[in-house]
Amino acid sequence: MSASTAPDFYTVVKDLPRVAVTPGATLELLVLAAGGNHCAGVDLVSGVLVRAWSAEPSAHQLRPYDVVRVTLDELGADFDGVPDPCQPEALVLTGPPIPVRRASPRRVTRLLRPLLHPNGEPLLGISSPVVRFWERRPDHPSIALVEPEGPISLWREEPYLACRFGWLGHERELPCLDRRIAADMDQAGRTHMLAGKNDRLLVALTPPIEGRCHKVVEAILPRP
């Protein structure tokens with residue numbers, strides 16, 4: 001067993017810009033995943049990935065490719081409301097996202113294409129599926145849009161939902177947090193299914209669980 005406990009970090013070639021935080025500013029986001037007090041999406045103006053956190057969850061059931069309006073907290077860069085302060089994409093909100101409309105397929109396609117994780121690189125620039133919380137680095141992304149190699153398969157063994165997909169020439173398995181997929185499989189009584197042929201994945205690091213952040217699939221994203 002190696003004596004080193006530090007994860008292997010790799011430079012992520014695609015250095016995406018971040019949203020400039022202006023307290024009280026209102027943004028519109030294209031929703032990619034939402035649950036509880038967290039919403040992951042794309043800022044419609046800058047086109048960058050963000051992870052928005054609010055003190056209270058949304059009263060609405062947000063779906064991928066909904067457009068929501070959010071207001072940045074007056075505290076600006078105060079990350080007390082963010083469970084992992086090393087998330088470079090994090091925004092703190094004054095309240096939960098408010099849905100305003102659905103995005104057109106053409107606009108979704110245009111927004112997502114530049115955000116795809118570079119091929120040939122470890123997901124999120126980390127070779128391990130787990131990273132210790134105190135080893136997190138704010139210069140590495142905590143979320144990525146992934147176009148896997150080959151089909152995506154889902155395996156349900158309550159309460160666990162596994163997502164298997166190809167990356168760097170190998171089959172990977174990550175926990176899947178997509179409640180919509182889990183509910184559909186449970187309702188149909190299925191323990192295994194294939195995602196759509198051209199579906200993509202939203203891969204992210206969880207907030208720390210007993211001191212560790214885990215790679216997970218936050219959502220299966222259908223092609224618009």
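## Basis and overall make-up

The model is predicted: local features need pLDDT of at least 70, side-chain atom pairs count only at pLDDT 80 or more, and totals for chains, interfaces and linings use all residues. Residues are numbered from 1 along each chain as its sequence is written, and side-chain values use heavy atoms, with hydrogens and water left out.

The protein chain holds two helices and 14 strands. Helices (H or I, at least four residues) and strands (E, at least two) are DSSP runs, numbered from the N terminus. Of its 224 residues, 47% count as buried. Buried means under 20% relative accessible area, exposed over 50%, and partly exposed in between (1.4 Å probe, protein chains only). Among contacts with a separation of 6 or more, 68% link residues 24 or more positions apart. Contact means heavy atoms within 4.5 Å.

## Nonpolar cores

The largest nonpolar core has 25 residues. Such a core is a set of buried Ala, Val, Leu, Ile, Met, Phe, Trp, Tyr and Cys residues joined through side-chain atoms within 4.5 Å. Leu154, Cys163, Phe165, Leu201, Val217 and Ile220 have the most contacts inside it. Strand 8, strand 9 (149-157), strand 10 (160-167), helix 2 (179-188), strand 13 (200-205) and strand 14 (212-221) each supply at least two residues of this core. Strand 10 gives the most, with four.

Another core, of 21 residues, lies apart from the largest one. Its members include Tyr65, Ala103, Leu115 and Leu202. Val217 touches Leu202 as well as Cys163, Phe165 and Leu201, among others.

## Strands 10 and 11

Strand 10 and strand 11 (residues 170-175) run antiparallel and are joined by six bridges. Two strands pair if DSSP finds at least two bridges between them. Ala162 stands opposite Pro175 in strand 11. The hairpin of these strands has two residues between them, and Leu168 there takes a positive phi near 55°.

In helix 1 (residues 105-112), Val108, Leu111 and Leu112 are buried. The buried residues fall within an arc of 90° seen down the axis, so they line one face of helix 1. The arc is that of the directions from the helix axis to the C-beta atoms. This face packs against strand 1 (26-35), strand 2 (38-43), strand 8 and strand 13.

In helix 2, Ile181, Ala182 and Met185 are buried. They cover an arc of only 100° around the axis, which puts them on the same side of helix 2. Strand 9, strand 10, strand 12 (192-194) and strand 14 are included in what covers them. Arg179 and Gln187 are exposed on the other side of helix 2.

## A buried arginine

Which loop holds Arg136? Arg136 sits between strand 7 (130-132) and strand 8 (143-146). Its relative accessibility is 5%, so Arg136 counts as buried. Arg136 touches Asp84, Cys86, Gln87, Val131, Ser142, Leu205 and Cys213, not counting residues up to four places away in sequence.

## The largest pocket

The largest pocket contains about 790 Å³ of space. On a 1 Å grid over the protein atoms alone, a pocket is an open set of points where a 1.4 Å probe fits, with protein on both sides within 12 Å along at least five of seven lines; lining residues have an atom within 4 Å of a point. A volume is the space filled by probe spheres set on the points, which are joined across faces, edges and corners.

The pocket is lined by 32 residues, and Ala33, Ala34, Gly35, Gly36 and Arg179 are the closest to its centre. Strand 1 gives the most to the lining, with five residues.
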